[in-house]
Amino acid sequence: MEISALLTSAGINISICIVLLSLYSILRKQPANYCVYFGRRLVCGGARRYDPFWYERFVPSPSWLVKAWETSEDEFLAAAGLDAVVFLRMVIFSIRIFFITAVVCIAFVLPVNYYGQPKVHKEIHLESSEVFTIENLKEGSKWLWVHCLALYIITSAACLLLYFEYRTIAKMRLGHITGSASKPSQFTVLIRAIPWSPDQSYSDTLSKYFTNYYSSSYMSHQMVYHNGIIQRLLLDAERMCQSLKHVAPEINCRPSLTPCTFCGGLTATNSFHILSNEGDSVKGMELGELTMTTPEQERPAAFVFFKTRYDALVVSEVLQTSNPMLWVTDLAPEPHDVYWRNLNIPYRQLWIRRIATLVGAVAFMFVFLIPVTFIQGLTQLQQLSHAFPFLRGILKEKFINQVITGYLPSVILILFFYAVPPLMMQLNVFSSVRDIPAQLARAVPTQAGFFTTYCFTSGWASLACEIMQPMALIWNLVAKAVSKNKDESYETLRFPYHTEIPRLLLFGLLGFTNSVIAPLILPFLLIYFFLAYLIYKNQILNVYITKYESGGQYWPIFHNTTIFSLLLTQIIALGFFGLKLSTVASGFTIPLILLTLLFSEYCRHRFAPIFHKHPAQKSSSKGECSTPFANQELPDPEKLKPEEGDAIAKELWGYQGNESGQEHEDKSCPSASSPEHRTPTMIELHKRS
């Protein structure tokens with residue numbers, strides 16, 4: 001790919017980003033769009049602004065960038081929670097490491113690559129992107145020590161930053177665990193694989209077991225039932241209620257009277273009637289009449305409540321029987337984190353399902369190589385002309401050539417992300433394990449231009465679309481203009497960690513693997529991470545709510561993937577040093593791989609257990625150990641009124657009907673961000689809007 005095609009792709013995506021960001025700065029000022037761009041603040045009690053017509057509403061301004069930049073980490077933690085802070089620290093880590101990488105590689109590696117062979121160079125915009133890769137060095141070049149030194153600097157900086165980040169986030173997680181308010185889920189243990197008995201129900205078996213072994217701490221339990229049909233009916237009814245809320249009043253509140261067919265009297269024909277209070281309709285009914293479950297619907301899973309958090313923690317860590325496949329215990333997740341359908345799956349089937357999931361993911365990866373291979377061929381003009389002879393005339397046009405090779409491939413790849421054809425392919429098998437570094441070394445430089453354009457399209461443009469919220473904006477327009485919905489209700493979304501964290505990891509992988517091989521991608525990648533920092537911060541503060549907290553459990557995934565990216569980079573560099581016949585550089589790369597593995601193993605033993613288990617003790621200021629959860633108890637059930645005792649489980653089981661995993665909650669806000677729980681720091685943050 002020529003540099004001119006690369007610049008064309010960059011120009012197109014920069015224009016798209018400028019237009020969308022400018023449009024966003026205008027649309028966010030319109031009162032009709034507050035529910036789209038300030039959903040979180042509206043839900044959490046932020047002040048509504050009904051501004052009159054004034055000209056600044058229609059002028060782009062960077063004020064939102066300034067507000068996102070000025071928000072401190074403490075304010076961000078108070079507003080969005082620990083998970084959001086950990087995600088933002090992932091972005092900050094990426095900015096730091098790739099700033100160091102860009103400085104080292106652009107200053108030293110890139111000139112060595114460019115002047116790697118004695119030849120007459122063209123003008124920069126007419127040069128091929130492969131001139132800036134390590135492929136341009138001749139065999140046996142003495143300058144490969146520069147690449148090896150750069151690899152050592154990048155790896156050392158990455159490991160050092162990872163260590164300090166891991167240590168800091170581990171402390172933040174411990175503070176979150178010990179300092180957070182008590183919740184029913186923290187006194188609860190999830191029990192799977194309850195043994196079946198023909199003489200008694202699962203509930204009786206569980207009650208007998210915990211009464212015998214944990215009589216002093218056991219409080220009560222709640223069985224999981226197989227009531228999928230009933231829950232689906234409840235969900236359908238709930239969705240219908242939500243839909244009826246958005247129907248215009250003049251449509252559903254004007255009854256019409258028509259003669260009755262049988263008696264001749266007038267009868268109201270409107271389909272909607274205002275019902276009496278639901279609470280009055282169930283008064284006087286017996287508990288058995290309201291019960292929708294039977295012992296036959298019980299599943300071998302339950303949630304068991306204990307009197308203290310410490311007791312629940314101990315039970316979750318203890319092996320309950322000599323057979324590890326029975327009485328499996330884990331700390332209960334938060335209510336919104338429970339996927340209720342999975343609890344109906346027998347525990348003995350889980351390991352088979354995990355293997356099937358892994359096999360399916362691997363198969364999908366190989367199927368996806370079909371469009372990737374085709375799209376990568378578009379970046380090579382000679383391959384494109386050879387495969388499609390009828391395009392040779394069109395490809396002679398300079399601008400068409402630049403658009404096809406520089407912009408079109410990355411757009412097509414993004415489209416394939418949403419529609420991968422279900423075809424199998426013939427696998428390209430390596431001849432031996434020893435050939436893997438060499439084959440990776442040959443493949444990476446030839447696709448450096450494609451990876452760079454992918455950074456433009458999937459990176460820059462996707463961030464601009466993220467901040468625009470096009471689907472929410474269109475839906476809001478339809479609801480107000482077409483449906484004439486004047487209801488002030490609004491829906492808030494949860495931040496899509498499941499898509500944005502993998503995106504960060506993918507761009508981190510591209511940055512590391514191309515750092516010493518094709519460093520031209522690094523400045524563009526650095527711009528992406530800077531934009532991601534500001535845009536994600538703005539979106540989390542204004543749009544998304546925190547429905548539940550994992551306590552920063554995303555960080556070990558980020559850490560392990562970064563280590564994998566470093567190791568893959570070192571293996572690719574080792575393959576290149578072998579291809580270029582540099583035994584010295586190859587010899588120095590092998591110890592670097594071993595040191596990286598040792599660092600990973602140290603972090604796995606030093607920090608990883610904090611993210612998988614809860615400590616039973618904490619160190620006080622005097623160096624003494626205490627049990628932080630021993631004094632946190634639930635009330636004695638014998639002293640509670642019936643309705644108060646049931647409230648212990650209501651928070652945990654009130655969401656069992658939400659088994660579809662909806663991504664939004666109507667007029668809901670996390671407890672830490674609700675008006676009655678807001679801190680002075682958070683109140684100050686809301687005033688900035």
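Colleague: What makes the R503 and E500 contact a salt bridge?

Modeller: The side chains meet at 3.5 Å, N to O. The cut-off is within 4 Å for a side-chain nitrogen of Lys or Arg and a carboxyl oxygen of Asp or Glu, so the pair qualifies. Keep in mind that this is a predicted model. Both residues sit in helix 22 (residues 497-515), three residues apart, which is about one turn of the helix.

Colleague: How many salt bridges turn up in the whole structure?

Modeller: A search finds five. Salt bridges that share partners also join E73, R89, R96 and E165 into one network.

Colleague: How do you know that R89 forms a salt bridge with E73?

Modeller: Their closest N and O atoms are 2.7 Å apart, and the limit is 4 Å, so the pair passes. R89 belongs to helix 6 and E73 to helix 5, so the bridge ties together parts that are 16 residues apart in sequence. R89 is buried, at 13% relative accessible area, whereas E73, at 35%, counts as partly exposed.

Colleague: Which parts does the salt bridge of R89 with E165 tie together?

Modeller: The closest N and O atoms of R89 and E165 are 2.8 Å apart. E165 lies in helix 7 (residues 144-179) and R89 in helix 6, so this pair links parts that are 76 residues apart in sequence. R89 and E165 are both buried.

Colleague: On to helix 5, then. Why do you say that its buried residues line one face of the helix?

Modeller: The buried residues of helix 5 (residues 73-80) are E75, F76, A79 and A80. Viewed down the axis of helix 5, they fall within an arc of 105 degrees, so they line one face. After helix 5 comes G81, with a positive phi near 100 degrees.

Colleague: Which residues touch the most other members of the largest nonpolar core?

Modeller: F87, Y528 and W555 do, in a core of 109 residues. Helix 6 (residues 82-114) gives the most to this core, with 19 residues. If you leave aside neighbours within four places in sequence, F87 is in contact with F495, Y497, E500, I501, L504, Y536 and I540. There is also a second, separate core of 17 residues, which includes I194, Y209, F210 and V315.

Colleague: What makes strand 2 and strand 6 the edge strands?

Modeller: The four strands form an open sheet in the order 2-5-1-6, with antiparallel pairing. Strand 2 (218-225) and strand 6 (328-331) each pair on one side only. The twist averages 25 degrees from one strand to the next.

Colleague: How do you know that strand 1 pairs with strand 5?

Modeller: Two strands pair if DSSP finds at least two bridges between them. Five bridges join strand 1 (residues 188-192) to strand 5 (residues 298-306), and the two run antiparallel. L190 stands opposite F303 in strand 5, and T188 has F305 in strand 5 as its bridge partner.

Colleague: How many bridges join strand 2 to strand 5?

Modeller: Six, with the strands running antiparallel. M223 stands opposite A302 in strand 5.

Methods. Residues numbered from 1 in each chain as written. Predicted model: local features only at pLDDT ≥ 70, side-chain atom pairs only at ≥ 80, totals over all residues. Heavy atoms only, no water. Core = buried A, V, L, I, M, F, W, Y, C linked by side-chain atoms within 4.5 Å. Buried < 20%, exposed > 50% of the residue type's maximum accessible area, 1.4 Å probe, protein only. Contact = heavy atoms within 4.5 Å. Arc of directions from axis to C-beta. Axes fitted to C-alpha atoms, helices over the stretch in contact; angles between N-to-C directions.
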